[in-house]
2 protein chains.
Amino acid sequence: MTDQLTATAARDSRRRSMDDQLRRRASSVIPGGMYGHQSAGPLPPEYPQFMRSGRGARIWDVDGNEYIDLMCSYGPVVLGHRHPAVERAAAAQAELADCQNGPGAVMVELAELLVGTVQHADWAMFAKNGTDATTICCTIARAHTGRQKILVAAGAYHGAAPWCTPRLAGVTEADRANLGHYTFNDLASVRAAVTAAGPDLAGIVVSPFKHDAGFDQELVDPAFARGLRELCTAAGAALILDDVRCGFRLHLGSSWEPIGVLPDLSAWSKAIANGHPLAAVLGSGAFADAAASIFVTGSFWFSAAAMAAAIATIGALRDEDAIAVMDHMGTRLRAGILDQAAARGLEIRYTGPPAMPYLTFAGDHGHELGTTFAAAAMRAGAYLHPRHNWFISAAMTEADLAAALTATDEGFAAAANRLAAST
Amino acid sequence: MTDQLTATAARDSRRRSMDDQLRRRASSVIPGGMYGHQSAGPLPPEYPQFMRSGRGARIWDVDGNEYIDLMCSYGPVVLGHRHPAVERAAAAQAELADCQNGPGAVMVELAELLVGTVQHADWAMFAKNGTDATTICCTIARAHTGRQKILVAAGAYHGAAPWCTPRLAGVTEADRANLGHYTFNDLASVRAAVTAAGPDLAGIVVSPFKHDAGFDQELVDPAFARGLRELCTAAGAALILDDVRCGFRLHLGSSWEPIGVLPDLSAWSKAIANGHPLAAVLGSGAFADAAASIFVTGSFWFSAAAMAAAIATIGALRDEDAIAVMDHMGTRLRAGILDQAAARGLEIRYTGPPAMPYLTFAGDHGHELGTTFAAAAMRAGAYLHPRHNWFISAAMTEADLAAALTATDEGFAAAANRLAAST
């Protein structure tokens with residue numbers, strides 16, 4: 001037993017020496033040591049803060065530990081890390097130029113490709129952050145309608161600008177003075193919020209499904225989506241689909257196309273260039289004049305390399321049938337995980353689409369079991385998250401899936417042990 | 001004469017066939033055909049909208065026309081296009097990984113380098129847009145002080161989010177409810193704005209010098225800068241230096257170090273990674289807790305390639321004495337241009353630091369002479385701007401300078417002709 005503990009301790013210290021050293025250095029020069037959605041601070045110590053490299057569905061932290069990647073950089077990596085065609089396209093464009101006095105021809109090519117790929121889109125604008133895209137949608141909706149109020153689902157994440165960040169430090173009341181709230185999948189709550197906004201309703205922002213961090217996910221009720229569409233049309237307000245997190249992982253088009261509901265404006269980022277920095281706003285023709293009337297820009301918004309990467313990404317998504325691959329591998333991961341939990345008598349909820357799942361344990365309101373599960377799965381080599389939905393990439397192979405399931409079974413063993421110890 | 005006109009028409013049509021074609025395609029899929037600060041729509045027809053490539057201080061548009069680059073991608077390119085050490089560093093990092101589940105070690109290295117390079121900085125945060133950086137500074141100032149009001153100079157550009165974009169379409173009154181205004185270099189106006197903000201003053205945002213688009217530039221009066229510093233210290237408010245446009249082009253440190261005035265927070269972007277997409281907020285230790293208390297993030301804020309590029313950029317700026325080179329070449333450009341204008345009896349104002357000059361003609365309130373000058377200079381191969389400050393890069397050679405001055409002399413000839421025709 002002592003030998004085993006010593007071996008574990010030695011392995012654990014070897015696993016984290018570079019990460020620990022970087023964390024110490026970071027604590028001196030970065031507020032809190034790290035910030036934002038990738039901060040490992042609130043995660044168990046099994047999580048490295050600093051990453052070294054990735055290939056396909058495999059990633060390595062700065063200490064060389066290998067993981068099957070079930071987070072995909074929190075969404076951007078959809079074809080797998082370092083997808084050859086995407087990297088070739090980005091490098092070839094960068095060899096010519098990236099940030100210039102004007103966009104490259106790739107901006108037009110990408111806009112045409114998006115308009116041809118996404119059903120509701122008649123035009124495209126580009127930016128750098130998902131937050132840029134959601135904010136621009138709201139600005140266009142206001143410019144189009146001459147109104148101010150924007151409705152969002154309570155608890156939904158639409159970015160980290162003052163109007164939408166989930167933490168209120170440094171945010172003023174004025175930043176949110178024109179927001180109203182509704183409950184996802186509850187059309188009556190939307191009607192009430194629309195009534196409250198009155199003649200000042202500019203738009204309604206909605207996510208393709210409910211993916212609020214730390215909560216079981218909830219697919220959209222098609223009747224809810226249709227109801228939103230009807231309410232917006234009746235009010236002359238913009239229906240804004242926040243496809244930043246889901247876009248091009250669930251459908252090669254906007255995420256509500258399969259249920260037949262088209263937004264007026266949609267916000268994109270994350271997966272559209274397989275990890276290269278890009279965001280987009282897509283819109284219908286009726287909103288083109290309003291889109292042209294606003295002034296939004298950024299020093300790198302017209303840079304060509306990320307746009308070349310996006311063209312290659314969309315091509316590969318299509319040519320490799322990547323959406324179906326992610327759905328298929330995600331479905332098999334789900335089946336394996338449900339079997340593992342059942343075999344150990346653990347009651348879990350595994351929610352959301354197969355390519356963007358989230359796992360919770362029944363009654364685990366403080367995420368103790370979920371955290372135990374995640375820490376053990378990480379030790380066993382599956383990079384997943386206890387309080388955020390996971391992401392499957394199209395690079396996942398049979399071997400990756402098997403390795404992921406071996407790791408999740410370690411996770412369930414640890415959760416079962418914890419549950420047994422506490423009862 | 002007919003032959004000459006035909007030749008000119010033929011050359012002009014050859015110069016723009018690809019650009020014209022792309023503009024037509026863009027008009028169908030991009031609102032207004034283009035948007036933001038790089039829109040060629042308001043510029044003379046001599047300006048291409050779409051660019052192809054760049055090397056050093058030379059750039060080529062999509063039709064293969066060559067220019068000496070006096071805009072440097074509106075600031076980001078500080079060492080010249082495709083600087084070998086910067087591109088090598090970015091490509092080597094990208095070969096490992098760019099966007100991952102956490103930052104690479106380069107994030108810590110870059111934060112340490114910035115803290116060691118910029119005098120007031122005790123910590124660094126990273127983002128993607130200059131607007132991200134200025135907005136984060138305001139949020140940190142509010143979190144630190146628990147107050148709301150931010151003062152900005154009337155007419156200054158601090159980004160394109162609703163709180164600061166220069167065009168009001170889609171912007172609500174609430175977006176600007178907590179702004180107050182002062183006049184650059186007018187300390188009495190700042191005192192009045194501070195008094196008006198009362199106990200709710202969170203911070204004052206200021207640019208290193210006045211570089212409002214379309215106006216003669218104005219260097220900062222050191223007494224004004226010192227006065228701002230004293231007012232902020234006395235009020236317990238944050239002095240926020242918006243170094244997005246000037247940072248690392250005028251000084252290898254924050255731009256007010258040469259006059260001995262240090263801000264509490266500074267916003268950076270553009271030149272810090274020689275065109276790779278990155279922004280930064282730097283701050284003093286007193287503001288670290290507030291910086292750690294806010295939630296700001298973005299999908300690509302922790303991507304490693306742009307950070308590797310920034311490390312290489314700062315190293316090259318130092319090793320190549322790039323600030324002095326830009327100042328020297330900018331000073332010689334200014335001398336040449338002043339000589340050319342004087343030789344033609346043209347009264348001009350050539351304002352701002354040598355590396356970020358701006359040219360106007362006396363009495364040219366509608367920018368007619370400036371536009372004539374710019375169009376002719378563009379035809380003759382110098383890419384500069386009639387309503388925005390120019391940028392000199394450290395890649396400018398003797399041959400580049402000579403070619404630029406040949407082109408500006410063509411510009412002055414055209415301006416003199418226009419002036420003669422109108423009088």
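Predicted model: local features only at pLDDT ≥ 70, side-chain atom pairs only at ≥ 80, totals over all residues.
## A residue at the meeting point

Leaving aside residues up to four places away in sequence, Thr135(B) touches Ala161(A), Gly159(B) and Ala161(B). Thr135(B) sits in helix 4 of chain B.

Is Thr135(B) buried or exposed? Thr135(B) has 26 other C-beta atoms within 10 Å, and 20 or more are needed to call a residue buried, so Thr135(B) is buried.

## Where the two chains touch

Let us step back to the chains themselves. On chain B, 86 residues are in contact with 86 residues of chain A. Several elements of chain B each supply at least two residues to the side that touches chain A, among them helix 1 (2-29), strand 1 (51-55), helix 3 (105-117) and strand 4 (123-127).

Which helix of chain B gives the most to the side that touches chain A? That is helix 4 of chain B, with seven residues, and helix 4 of chain B is also where Thr135(B) is found. Sorted by class, the side of chain B that touches chain A has 47 nonpolar residues, 31 polar ones and eight charged ones.

## How the copies are related

Two copies of a chain are related by a rotation about an axis and a shift along it. Here, chain B is superposed on chain A by a rotation of 180° with 0.0 Å of shift along its axis, at an RMSD of 0.0 Å. That is the relation of a two-fold axis. In chain B, the C-alpha nearest the axis belongs to Ala174(B), at 2.6 Å from it.

Why do the copies meet through the same surface? Because 100% of the interface residues of chain B are also interface residues in chain A.

## The sheet in chain A

Chain A holds an open sheet of seven strands, in the order 4-10-9-8-7-5-6 and with mixed pairing. Strand 4 (123-127) and strand 6 (179-182) of chain A are the edge strands, each pairing on one side only. From one strand to the next, the twist averages 20°.

Within chain A, strand 7 (residues 201-206) and strand 8 (residues 238-242) pair in the parallel sense over four bridges. Val205(A) has Ile240(A), in strand 8 of chain A, as its bridge partner. Helix 5 (residues 187-197) of chain A lies across strand 5 (149-153), strand 6 and strand 7 of chain A, and runs at about 160° to strand 6 of chain A.

Methods: Residues numbered from 1 in each chain as written. Chains lettered and ligands numbered in written order. Contact = placed C-beta atoms within 7 Å. Nonpolar A, V, L, I, M, F, W, Y, C, P; charged D, E, K, R; others polar. Buried ≥ 20, exposed ≤ 12 C-beta atoms within 10 Å, placed from the backbone. Least-squares fit on C-alpha atoms with pLDDT ≥ 70 in both. Pairing = 2+ DSSP bridges. Axes fitted to C-alpha atoms, helices over the stretch in contact; angles between N-to-C directions.
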